[in-house]
Amino acid sequence: MFFFFVGGVEQGAGRVLKEAAGRCLRCGGAADLVETEKVLKLFFVPVKRWPGKDPAYLCGEYPLRVWLTDG
Ligand SMILES: [Zn+2]
């Protein structure tokens, strides 16, 4: 029997806690403080979400929204 599994857990952004709470280290733009959530994806379809541990800074200016670990 061939069992094929495509999936993984990605970090997603939840509710914005505070807009422009920090500054992006890469582009210098404002970074929002957001709640994080983990998203379980199977075949690229989100099937389960649960809240992450800590809020994180997320740059809204950068085209590919980047997570800033050292906010
Ligand atoms: Zn940025």
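Me: pLDDT is the predictor's confidence in each residue, from 0 to 100. Among the elements of the chain, which strand has the lowest mean pLDDT?
Reply: This is a predicted model, where local features need pLDDT of at least 70, side-chain atom pairs count only at pLDDT 80 or more, and totals for chains, interfaces and linings use all residues. The chain averages a pLDDT of 79, and 76% of the residues score at least 70. At the top of the elements sits β3 with a mean of 91, while the lowest mean, 58, belongs to residues 67–68, strand β5.

Me: In what order do the elements of the chain run from the N terminus on?
Reply: Residues are numbered from 1 along each chain as its sequence is written. Helices (H or I, at least four residues) and strands (E, at least two) are DSSP runs, numbered from the N terminus. The chain has zero helices and five strands. From the N terminus on, that reads β-β-β-β-β.

Me: How many of the residues in strand β1 are buried?
Reply: A residue is buried if 20 or more other C-beta atoms lie within 10 Å of its own, exposed if 12 or fewer, and partly exposed in between, with C-beta atoms placed from the backbone. Across the 71 residues of the chain, 10% count as buried. Strand β1 covers residues 7–23 and is hardly covered, so to speak: among its 17 residues the buried count is zero.

Me: Is Ala20 buried or exposed?
Reply: Ala20 is found in strand β1, and its phi is positive, near 50 degrees, though it's a residue other than glycine. Because it has 12 C-beta neighbours inside 10 Å, Ala20 counts as exposed.

Me: How many bridges join β1 to β2?
Reply: Two strands pair if DSSP finds at least two bridges between them. β1 and β2 form a hairpin with six residues between them, and Gly28 in the turn has a positive phi of about 80 degrees. Gly7 stands opposite Leu42 in β2. The two strands run antiparallel, and the number of bridges joining them is eleven.

Me: What separates the C-alpha atoms of Leu25 and Cys59?
Reply: Leu25 has its place in the loop between β1 and β2. It is partly exposed because it has 14 other C-beta atoms within 10 Å. Leu25 and Cys59 are 34 residues apart along the chain, yet their C-alpha atoms are separated by 8.9 Å.

Me: Which residue stands opposite Ala56 in β4?
Reply: In a regular strand the side chains alternate between the two faces of the sheet. Ala56 and Leu58 point one way from β4, Tyr57 and Cys59 the other way, and all are buried. β2 and β4 pair in the antiparallel sense over four bridges. Opposite Ala56 stands Val34.

Me: Is Phe44 buried or exposed?
Reply: Phe44 is found in the loop between β2 and β3 (45–51). Although Phe44 is not a glycine, it has a positive phi of about 70 degrees. With 8 other C-beta atoms within 10 Å, Phe44 is exposed.
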